[in-house]
Amino acid sequence: MALSKQELRPKPKMGYGNDASTTSSIGVADGAALSGESPLGSAMSLMGRVARSHLTSPGPAIFMIVIVALGWWYIEAFGTAAFLQQLINGLQRGSIYALIALGFTMVYGIIGLINFAQGDIFMFGAYVAAIIGAPLLAYGHWWGFAGALLGSMLITAALGVLIERIAYRPLRNSPKFSALTTAMGVSILLENFFAISPRDVPFPLNLIVFGPDYRHFPALIDVAYYSFGGIYFTTLHILDFVLAVLLMVLLNYFVRHTNMGKAMRAVAFSMDGAKLMGLNVNSVIAITFAVGSALSAAAGLMYGVTYGILASPYFGIFPGLQAFIAAVLGGIGSIPGAVLGGFVMGISETFATSVDSNLGYMSSFVILIVVLLFKPAGLLGTLQREKV
């Protein structure tokens, strides 16, 4: 029996970082920038166009109806002032979740990997910010804050690159399950390594572990309190939200208007095609990890400044889980979806906790299940066809 040309064609490997097909013509970067088929193609822009399917699908409409109904019930039960107060608190918490979720979605959009260590990278950034910021307070609050922000983002970005180089790059052509298991292992390793007491390890390891005890975060901001019509907010509410929005705008510019951003979209569109066009795929992926880790470090600083204490190197587990749910809720691989999901998670958790403290832990899972029943790809995600 004669075989067709299609059957004789060699099939590509299906590792977590490989495409099922390649781009055979020039202009892959521009194609990635314009196409909506890539996980990070047009979705990589924070201000990108919303696909027509998002506007016509009943999922988001039903979701909005439920949100409005719940908001109306909350106002009737607790009053408008309480509603606005929790909304402000939720935006503050959602700013933190959104930045961590961006790290999840950028890595997944480029290489299709769920980096379960993202929450621990967030934790690492918070500790680094505390260590750097404390001595800089002698020069003033804003010097301490700026130094801690820049220092923690740079050092945490280096950690992200190191993790990608040692743990993930050797498995790029391996089955997805191997990479997923490795990501879980990296998460557990970071938590337990940094929880080692400095007294129990020799020099120089005692300089890079944090210990299991509570650590107070330095007061990098001179907090001012404001009140308006029974609604209370502080400098921290404003700073967290403004800083998160500023970093998102910078990310949008980086992705849309720089050569590296175009390279990232090209790799997301077709890794093999990007290689054929001469792009250094390893460098692009490493920079993606660096950017995602730096955003998580900024979120760690915001967390430390807001809550004033770092419980232990295990405290990143819950925020990391919430951010992962936010990324899936918004549409894993979609940067606008990660931002939307982060704010939805923060607001819903805050409102649910104000009603009953136990509801805050379960609200995110309930929302995720309900949304995925109607919109399996997430609120702003697009279902991708995969050849096997």
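The side chains of glutamate 164 and arginine 169 form a salt bridge in this predicted model, at 3.1 Å from N to O. A salt bridge here is a side-chain nitrogen of Lys or Arg within 4 Å of a carboxyl oxygen of Asp or Glu. Side chains of opposite charge can pair when their charged atoms come close. Glutamate 164 is buried, with a relative accessible area of 1%. Arginine 169 is partly exposed, at 22% relative accessibility. Buried means under 20% relative accessible area, exposed means over 50%, and partly exposed lies in between (1.4 Å probe, protein chains only).

Glutamate 164 also meets arginine 172 in a salt bridge, at 2.6 Å from N to O. Both of these residues are buried. Shared partners join Glu164, Arg169 and Arg172 into one network of salt bridges.

A further salt bridge links the side chains of arginine 93 and glutamate 349, at 2.6 Å from N to O. Arginine 93 lies in helix α5 (residues 80–111) and glutamate 349 in helix α14 (residues 335–355), so the pair ties together parts that are 256 residues apart in sequence. Helices (H or I, at least four residues) are DSSP runs, numbered from the N terminus. Arginine 93 is partly exposed, with a relative accessible area of 22%. Glutamate 349 is buried, at 6%. By the salt-bridge rule, the count comes to three.

The model is predicted: local features need pLDDT of at least 70, side-chain atom pairs count only at pLDDT 80 or more, and totals for chains, interfaces and linings use all residues. Residues are numbered from 1 along each chain as its sequence is written, and side-chain values use heavy atoms, with hydrogens and water left out.

Definitions and conventions: Helices (H or I, at least four residues) and strands (E, at least two) are DSSP runs, numbered from the N terminus.
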